[in-house]
Amino acid sequence: MFEKISQFLVPIAGRLNNNRYLQVLRDAFMLAFPLTIFGSIFVVLTNLPFLNKLMNASMLTSFQSQFGIASTATMGIMSVFVVFGIGYYLSKSYQVEAVFGGAIALVSFLLLTPFIVQPETGDAITGVIPVDRLGAKGMFLGMITAFLSGEIYRRIVQKNLTIKMPAGVPPAVAKSFAALIPAFITLTVFLLINVLVTQLFKTNMHDIIYHAIQAPLVGLGSGIIPTLIAVFFIQILWFFGLHGQIIINSVMDPIWNTLQVENLSAYTAGKEIPHIISKPFMEIYTVGMGGTGMTLAIVFIILIFMKSRQMKQVSKLGLAPGIFNVNEPIIFGLPIVMNPIILVPWVLAPMIVTLVTYLAMSAGLVPPPTGVTVPWTVPLFINGMMATNSIMGGVMQLVNLLIVFVIWFPFLKAMDKLHLAKEKEQAVQETAAQQNDNNIKM
């Protein structure tokens with residue numbers, strides 16, 4: 001059965017993992033990662049629950065407005081970094097000048113962006129860009145634009161439709177002239193698209209893509225059923241030795257990251273957080289509990305209750321990394337990969353924890369993640385509090401840890417008995433071999 005499943009899954013996972021566009025998308029989001037961490041830290045600092053007791057209302061408002069710009073300049077315009085990253089890494093994958101690919105993608109995106117703000121009352125304000133167009137609301141248009149502009153740019157370059165300068169010209173100047181024609185053609189395409197949409201349809205590409213593609217996909221991705229399906233495939237792929245996060249997240253990250261930015265925008269504006277499922281939800285309540293599959297509970301079970309020397313030795317090696325959510329020693333040392341004894345808890349526990357956490361947040365027992373990005377190496381409980389700005393976020397993780405503990409215990413006990421039997425058999429064989437050696441010597 002495992003061989004048949006492996007023959008089916010491994011080729012599909014391999015194609016997804018090696019897909020150029022998914023790799024580019026993953027790298028582009030990682031480009032924004034350190035910037036979003038910076039913004040998230042200041043979101044946490046400016047919204048600590050006890051600040052109103054340390055400052056009066058005027059001081060607190062001033063403090064939040066001064067340091068809140070850190071979030072607006074990073075998480076608030078995340079689409080800008082993603083668009084540049086896609087253009088850059090896509091061009092790099094085709095071995096054409098990457099920095100121009102990133103710059104052209106960003107300008108193409110801006111060409112489709114309306115430079116106008118329509119307040120609820122009063123006349124429209126022109127010559128300004130609404131920040132939400134550069135954040136969550138413009139994410140999908142940004143990604144589509146970046147990929148299209150990158151493809152147009154690299155095809156023109158590879159067809160040698162460029163200006164070639166003499167050998168003595170400085171490299172920076174030569175590269176700029178080489179990018180001139182590809183940039184002009186690419187940007188003209190998007191300028192004409194914008195003219196066509198705004199003049200013929202009296203709207204803009206942001207609103208078209210948002211209502212036709214982004215809103216339905218985000219609505220689907222924020223549901224619990226698609227989330228459980230994603231968790232299922234992450235665990236199954238890991239079971240066969242494939243990095244489930246990289247493969248599945250490459251597909252789901254655009255949706256989860258968009259949900260995260262929408263949550264953060266609402267949180268910083270003092271509004272109700274609209275989504276439970278988001279990128280921090282997936283990170284904190286799955287990976288953030290000892291690594292993929294929440295294996296910190298497994299380490300504790302083995303160290304406290306199991307007797308096998310082999311299992312205890314692996315758990316001792318995995319304890320310190322597991323505290324910081326690194327669990328390769330457990331996945332490959334226990335092992336979890338291709339171990340049929342523990343397939344059921346490995347797949348079942350994360351799905352149940354995800355469902356329980358979702359229901360607890362839906363019922364209002366635990367606040368949903370605010371949208372801040374928490375580094376994945378932050379230990380259990382601390383990362384839960386940081387993600388939700390509430391101690392209940394950490395308490396929820398402890399409840400989840402207990403759930404994992406209960407699900408895994410009988411399977412680990414069965415595995416422990418098998419290892420003990422093997423260790424006793426090995427000890428008997430070693431004793432017999434030692435006696436034979438002694439008899440020979442005598």
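Which residues lie nearest the centre of the largest cavity? In this predicted model, the residues nearest that centre are Ile 234, Gln 245, Met 282, Thr 286 and Val 287, which belong to a lining of 15 residues. The volume of the largest cavity is about 120 Å³, and the count of cavities of 30 Å³ or more comes to one. At least two lining residues are supplied by each of helix H12 (224-239), H13 and H14. The largest share, five residues, comes from H14. By class, the lining of the largest cavity comprises seven nonpolar, six polar and two charged residues.

The largest pocket was examined next. Its volume is about 720 Å³. A total of 31 residues line the largest pocket, and those closest to its centre are Met 30, Asn 249, Lys 279, Glu 283 and Trp 376. Two or more lining residues are given by each of H2, helix H13 (244-268) and helix H14 (279-287). Here the largest share is that of H13, with seven residues. The lining of the largest pocket divides into 14 nonpolar, 12 polar and five charged residues.

Two packed helices are described by the angle between their axes and the distance between the axes. For H2 (residues 20-46) and helix H6 (residues 78-93), the axes come within 8 Å and cross at roughly 135 degrees. On the H2 side, the contact is made by Arg 20, Tyr 21, Val 24, Leu 25, Asp 27, Ala 28, Phe 29, Leu 31, Ala 32, Leu 35 and Thr 36. The H6 side contributes Met 78, Phe 81, Val 82, Phe 84, Gly 85, Ile 86, Tyr 89, Leu 90 and Ser 93. Taken together, the residues of this contact are 15 nonpolar, three polar and two charged.

A second contact of H2 is with helix H4 (residues 57-67), where the axes come within 10 Å and cross at roughly 175 degrees. Angles over 145 degrees count as roughly antiparallel, and this description therefore applies to H2 and H4. Phe 42, Leu 45 and Thr 46 of H2 meet Phe 63, Gln 64 and Phe 67 of H4. Four of the residues in the contact of H2 with H4 are nonpolar, two are polar and none is charged.

Several backbone features fall in loops. The peptide bond between Leu 334 and Pro 335 is cis, with omega about -10 degrees. Pro 335 is located in the loop that runs between helix H17 (328-333) and helix H18 (343-362). Positive phi values occur at Asn 160 and Lys 202. Phi of Asn 160, which is not a glycine, is about 65 degrees, and this residue lies in the loop between helix H8 (139-158) and helix H9 (171-178). For Lys 202, also a residue other than glycine, phi is near 55 degrees. The loop that holds Lys 202 lies between helix H10 (180-200) and helix H11 (205-221).

Technical notes
Residues numbered from 1 in each chain as written. Predicted model: local features only at pLDDT ≥ 70, side-chain atom pairs only at ≥ 80, totals over all residues. Heavy atoms only, no water. Axes fitted to C-alpha atoms, helices over the stretch in contact; angles between N-to-C directions. Helix = DSSP H or I, 4+ residues; strand = E, 2+ residues; numbered from the N terminus. Contact = heavy atoms within 4.5 Å. Nonpolar A, V, L, I, M, F, W, Y, C, P; charged D, E, K, R; others polar. 1 Å grid on protein atoms, 1.4 Å probe; cavity = no way out; pocket = protein on both sides within 12 Å on 5 of 7 lines; lining within 4 Å. Points joined across faces, edges and corners; volume = space filled by probe spheres on them. Parallel < 35°, antiparallel > 145°, perpendicular 65-115°, else oblique.
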